[in-house]
Amino acid sequence: MHNNFELIFDKMVTKLAGNPLGKQVFKEQLLGKVNYENNFTIIIPERIDTIASSFIQGFFEDIVKNIGISGIEDKVSIISSIPDIKNLIIRNLL
Amino acid sequence: MIVKVKNDQFLLQKNGKKQIKKFKIYNKLIVYKLNKSIFDEAVIKDIIGFVNAVEEKYHNIKLPIHFDLGLIEIRDKLTYIMFECVCNYLIETCKRKVIVTVNAKEHINTEGITSSPLLLLGTNQKDRFSKFIQKFKKEIYKSHYRRVIGTEENNDPYLLSRIMSDIDSFLKMFYVTKQHRDAITEVIIELAGNALEHTDADCLIDLDVTEPYEKKETTGTFYGINITIINFSPKLLGYSIAEKIKQKGILNDRHLKLLDAYTMHKENFSSQYGEEDFYNIASFQHKISGRLANESTGGTGLTKLISRLEGYSDAYHCYVITGNRAVFFVRDYLSYNKDGWIGFNKGKDFLTQIPETELLSSSTINIPGTAYNLNFVMKKEE
């Protein structure tokens with residue numbers, strides 16, 4: 001089980017969109033590796049400057065099912081060059 | 001390789017055939033002469049009826065069609081884009097040549113006609129038909145962005161992300177602020193994503209940014225952001241949700257509430273508000289998704305995005321047509337209540353009140369699929 005997840009994307013991509021892509025990234029890079037009992041950190045590459053709500057909803061679907069939105073608020077840290085990223089994510093999950 | 005637009009024949013199949021006793025044929029051209037100045041959806045319906053009649057009578061004789069439209073005032077962007085779809089169908093699918101002569105009055109909502117591939121069809125350029133097909137599918141030129149996303153491209157998981165970058169880069173060339181750019185790109189991507197995910201159909205995106213305009217009654221300079229998004233599919237906007245709520249076993253609490261709302265709304269169905277309208281409105285609800293899994297996220301808050309863009313605008317004209325019904329997006333009716341429901345009514349109450357019927361209407365043209373017309377007039381920031 002990991003605590004830090006440094007997400008890997010196609011190197012040419014600076015924006016993330018689409019529910020299926022969000023689900024796919026979660027499945028490939030977090031599923032079965034994340035321990036919901038502990039705090040964990042998601043690191044988004046610096047070049048990613050926009051994340052559409054559909055990606056957020058796809059990516060966080062399993063996380064919300066397991067720990068709820070309050071769990072994300074309490075246990076998940078997100079490192080990104082996008083200002084106020086955590087609020088953006090929560091707003092799109094509420 | 002350029003692939004034919006999937007399902008574009010549906011538009012022709014759904015809109016009837018005109019009874020024409022005698023076609024006007026001049027210089028070996030079948031002529032469609034428009035005798036009115038407003039170019040609206042009724043004209044598109046009439047043109048489709050004419051095309052179907054031509055195809056029936058002259059199926060094996062490929063006489064070109066001349067659309068002689070004269071001086072016209074185009075109703076909105078979606079109207080001339082639908083006409084482009086008809087021309088593309090004739091040229092690409094029916095292998096019939098098309099000539100278009102038109103002189104359109106300039107308007108901030110329809111300025112995109114000046115960069116439409118339709119204009120090629122009024123020229124004598126040797127390769128105008130192959131160029132038309134190309135530009136119909138893809139073009140980034142001056143103030144015009146066009147992209148038809150083919151279902152075959154959907155194997156690339158980053159497709160929407162890349163298109164989002166393309167649109168953002170396109171908008172950066174103009175005076176569109178970052179805040180507005182972000183909202184515009186997200187609306188387009190979410191609508192295109194929904195079309196690709198739920199319908200297995202191609203999706204046409206068209207976007208233009210107009211020249212600056214002055215207004216008589218207000219100071220400042222204004223520009224138009226005009227967006228059209230179309231997909232042709234037997235699955236209409238509310239289809240996935242209508243199918244989903246039949247399967248009670250997979251419904252979460254929110255979808256069960258939707259089912260309760262359906263029971264109440266059904267009591268109030270009338271000639272102005274019917275089942276199709278209910279599911280159309282349902283598809284814009286927060287956390288309501290047509291995906292068949294029992295999800296706790298999903299439903300993209302599209303109306304929130306459209307409402308945000310309308311909030312940035314000085315004027316707007318936004319609606320969607322699906323089948324033969326239309327829903328208008330009017331800002332005052334686009335807010336969510338504290339439980340995240342959007343009523344499309346004064347009470348912001350979806351669960352126990354029907355929407356304002358003025359926001360719904362029948363559509364003269366039947367769109368087999370979904371077609372959005374989003375026009376925003378924005379004040380240029382100095």
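Does B:Asn7 count as buried, exposed or partly exposed, and why? With 19 C-beta neighbours inside 10 Å, B:Asn7 counts as partly exposed, because a residue is called buried if 20 or more other C-beta atoms, placed from the backbone, lie within 10 Å of its own, exposed if 12 or fewer do, and partly exposed in between. This is a predicted model, in which local features need pLDDT of at least 70 and side-chain atom pairs count only at pLDDT 80 or more, while totals for chains, interfaces and linings use all residues. Residues are numbered from 1 along each chain as its sequence is written, and chains are lettered from A and ligands numbered from 1 in the order in which they are written.

**The surroundings of B:Asn7**
- B:Asn7 lies in the segment before α1 of chain B, where helices (H or I, at least four residues) and strands (E, at least two) are DSSP runs numbered from the N terminus.
- Apart from neighbours within four places in sequence, B:Asn7 is in contact with B:Ala201, B:Phe232 and B:Ser233, contact being defined by C-beta atoms, placed from the backbone, that lie within 7 Å.

- Chain B is assigned domain 1 (1-137) and domain 2 (142-382), with bounds that come from an automatic or database domain assignment.
- The centres of domain 1 and domain 2 of chain B, taken over C-alpha atoms, are separated by 27 Å.
- Between these domains, 25 residues of domain 1 of chain B are in contact with 32 residues of domain 2 of chain B.
- On the side of domain 1 of chain B that touches domain 2 of chain B, α1 (9-13), α2 (41-57), α3 (77-93) and α4 (128-137) of chain B each supply at least two residues.
- The residues of that side of domain 1 of chain B divide into ten nonpolar, five polar and ten charged, where Ala, Val, Leu, Ile, Met, Phe, Trp, Tyr, Cys and Pro count as nonpolar, Asp, Glu, Lys and Arg as charged, and the others, Gly among them, as polar.

**Where chain B touches chain A**
- The contact between the chains takes 19 residues from chain B and 21 residues from chain A.
- On the chain B side, α5 (159-172) and α6 (178-199) each supply at least two residues, and α6(B) gives the most, with six residues.
- The buried residues of helix α1 (residues 19-29) of chain A are A:Asn19, A:Leu21, A:Gly22, A:Lys23, A:Val25 and A:Phe26, and what covers them includes β2 (15-16) and α2 of chain A together with α5 and α6 of chain B.

**Sheet and helices of chain A**
- Three strands of chain A form an open sheet in the order β1-β3-β5, with parallel pairing, and strands are said to pair if DSSP finds at least two bridges between them.
- The edge strands of this sheet are β1 (4-6) and β5 (76-79) of chain A, each of which pairs on one side only.
- β1(A) and strand β3 (residues 40-43) of chain A pair over three bridges, and the bridge partner of A:Asn4 in β3(A) is A:Thr41.

Key
Two residues are in contact if their C-beta atoms, placed from the backbone, lie within 7 Å.
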